[in-house]
Amino acid sequence: MAKVLEVHELTKSFGGVQAVNNLSFDLAGGQLLAMIGPNGAGKSTCFNLINGQLRPDFGKVVIMGKKINGYFPRQVWKLGVGRTFQITSTFASMTVLENIKMAILSYHRKTKSLFSRVRNLYRDESMELLKLVGIEDQHDRACGVLAYGDLKRVELAVALANKPQLLLMDEPTAGMGSAERQSLMELTTSIVRTQNIGVLFTEHDMEVVFTHADRIIVLNRGELVAEGTPEAVRNNPQVQEIYLGKRG
Ligand code: ADP
Ligand code: MG
């Protein structure tokens, strides 16, 4: 299967702190890869190296076959990368539909097909996306008044508007109740399988990780300590010691 993301020997330090050290992994389309590890393990640094917010000291990131060292976040986005954030990033005063339309407009600007479409098509396309994430009935409400779980679905739709082949999700279920978490991840799984999108996500909730990830990578102090299927990672003694063991 085609790789949407390849990380080779990625290394980044801040002063004396080795935040990410010689990290290598890859991800194919249609797969969900969870990145876990205790606080300070280097997960956010790794995400920021992949999305263009940070430059590596050494190593490289390849997205859809393109080496992105030196790219800015917007250039990475243009390659077809979607992101969702731990803190929601929608425009509170705009309606759900307006938020999605804006995301779709950005996508069409990128592909320069802006003038080949009539404006109303964006509405249909937006409504279709809202239907896909299950909140079309909320389309004319302001994002600021939405329930938290619905807001997360708007964010997912915004990320999907970029027609990504790679989706980066930093704690997608942070702040949600447990049933809501599972249902958002079920939805995400079914969409990425159908659209063949590769997903890299971080997540604190181990139940979400073990239920939904195809593969898991475990970081500790910037280094890869384990990689494999949920079952292999769950049974890895080193992982149990440094991470899962602490949770009893
Ligand atoms: P995680 O997301 O797994 O909790 P981080 O990537 O945020 O881990 O942090 C990894 C290490 O790098 C930590 O020791 C953290 O203090 C350090 N670090 C992260 N970002 C910076 C920064 N901008 N400046 C200095 N140190 C940083
Ligand atoms: Mg973090």
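**A note on ligand 1 and the cysteines**

1. Helix H1 gives the most to the shell around ligand 1, with three residues. Helices here are DSSP runs of H or I with at least four residues, strands are runs of E with at least two, and both are numbered from the N terminus. Please keep in mind that this is a predicted model, where local features need pLDDT of at least 70, side-chain atom pairs count only at pLDDT 80 or more, and totals for chains, interfaces and linings use all residues. Residues are numbered from 1 along each chain as its sequence is written, and side-chain values use heavy atoms, without hydrogens and water.

2. Who sits around the ligand? The residues there include Phe14, Val17, Pro38 and Thr45, each with a heavy atom within 4 Å of ligand 1. By class, the shell has five nonpolar, five polar (Gly is among the polar ones) and one charged residues.

3. Now for the polar contacts, which are pairs of N or O atoms within 3.5 Å. A backbone N or O atom of Gly40 is 2.7 Å from an oxygen atom of ligand 1. For Lys43, a polar side-chain atom lies 2.8 Å from a ligand 1 oxygen, while a polar backbone atom of Ser44 is 2.9 Å from one. On its own, ligand 1 has 570 Å² of accessible area (Shrake-Rupley method, 1.4 Å probe), and the protein covers 57% of that.

4. Finally, the cysteines. There are zero disulfides, counted as pairs of cysteine sulfur atoms within 2.5 Å. Cys46 counts as buried because its relative accessibility is 0%, with buried meaning under 20% relative accessible area (1.4 Å probe, protein chains only).

Methods. Chains lettered and ligands numbered in written order. Polar contact = N/O pair within 3.5 Å; in protein donor to acceptor, adjacent residues only side chain to side chain. Buried < 20%, exposed > 50% of the residue type's maximum accessible area, 1.4 Å probe, protein only.
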